[in-house]
Amino acid sequence: MKKLIVTALLVVGIASFAQDRNEMGNRPDRRPEMEKLSPEQRTQLMVKKMTLDLDLNSKQQEQVKQVIAEQGAKREAMKADRMAKKEEEAKRNTDDHYAMKNKMLDEQIAMQDKMKKILSPEQFEKWNKLKEKRQGKFHDKHHERDHDPEREYDDK
């Protein structure tokens, strides 16, 4: 029976806390004051609010305080875990990009070495100029395509 009462009180407290947050709006520039407080301060304020709303006795206050503190600790741990995963993913994406770029450059160096062995110095020079010209056209074409307002909806 006690567990049922504590659970009901906790649900009511969480629901009222969630409603307060919704009234504030979800704008990132308006962070709730609760997030600026320490976990102990948040717990204490929530217990006092529930005491006022539900007329809790001292025994109930202690029980509710423990439940809220446990919940807060779990929430903080989940938040830290989420942040660590986010940082790990960003690092992995950077590492993947580096590996891909490194492989591409290695392939270009190998191609250039092969062509240098096959072509005469004059032919190799001409080949380099043609390659640069093709790369310039490729970059111009894609740059123009990205910024051409007439083609804005053609690709979709």
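From the N terminus on, the elements of the chain run α-α-α-α, which comes to four helices and zero strands. Helices here are DSSP runs of H or I with at least four residues, strands are runs of E with at least two, and both are numbered from the N terminus. The model is predicted, so local features need pLDDT of at least 70 and side-chain atom pairs count only at pLDDT 80 or more, while totals for chains, interfaces and linings use all residues. Residues are numbered from 1 along each chain as its sequence is written, and side-chain values use heavy atoms, with hydrogens and water left out.

Across the 156 residues in the chain, 13% are buried. Buried stands for under 20% relative accessible area, exposed for over 50%, and partly exposed for anything in between, with a 1.4 Å probe and protein chains only. As for contacts (heavy atoms within 4.5 Å), take those in the chain with a separation of 6 or more: residues 24 or more positions apart account for 38% of them.

Now to the pairing of α2 and α3. Helix α3 covers residues 58–118, and α2 packs on α3 at an angle of about 140°, with the axes 9 Å apart. That angle makes α2 oblique to α3. The axes are lines fitted to C-alpha atoms, for helices over the stretch in contact, and the angles run from 0 to 180 degrees between N-to-C directions. Under 35 degrees would be roughly parallel, over 145 roughly antiparallel and 65 to 115 roughly perpendicular, with the rest called oblique. The crossing of α2 and α3 is right-handed, a label used if the near helix is turned clockwise from the far one by less than a right angle, with anticlockwise giving left-handed. On the α2 side, the contact is made by R42, T43, Q44, M46, V47, M50 and T51, and on the α3 side by Q61, V64, K65, I68, A69 and E76. Sorted by class, this contact has six nonpolar, four polar and three charged residues. Here Ala, Val, Leu, Ile, Met, Phe, Trp, Tyr, Cys and Pro count as nonpolar, Asp, Glu, Lys and Arg as charged, and the others, Gly among them, as polar.

R42 sits in α2, which spans residues 39–54, and R42 is buried because its relative accessible area is 15%. A polar atom of the R42 side chain lies 2.8 Å from the backbone oxygen of L37. M46 is also in helix α2, and M46 counts as buried because its relative accessible area is 12%. From M46 to I68 the distance is 8.1 Å, C-alpha to C-alpha, and the two are 22 residues apart in sequence.

On α3 there is Q66, exposed because its relative accessible area is 53%.

The loop between α2 and α3 holds D55, which is exposed at 66% relative accessibility. Phi of D55 is near 55°, a positive value in a residue other than glycine. Most residues other than glycine have a negative phi.

Further along, helix α4 (residues 121–147) contains N128. N128 counts as buried, given its 15% relative accessibility. The C-alpha atoms of N128 and Q112 are separated by 8.9 Å, and the pair is 16 residues apart along the chain.

Key
Polar contact = N/O pair within 3.5 Å; in protein donor to acceptor, adjacent residues only side chain to side chain.
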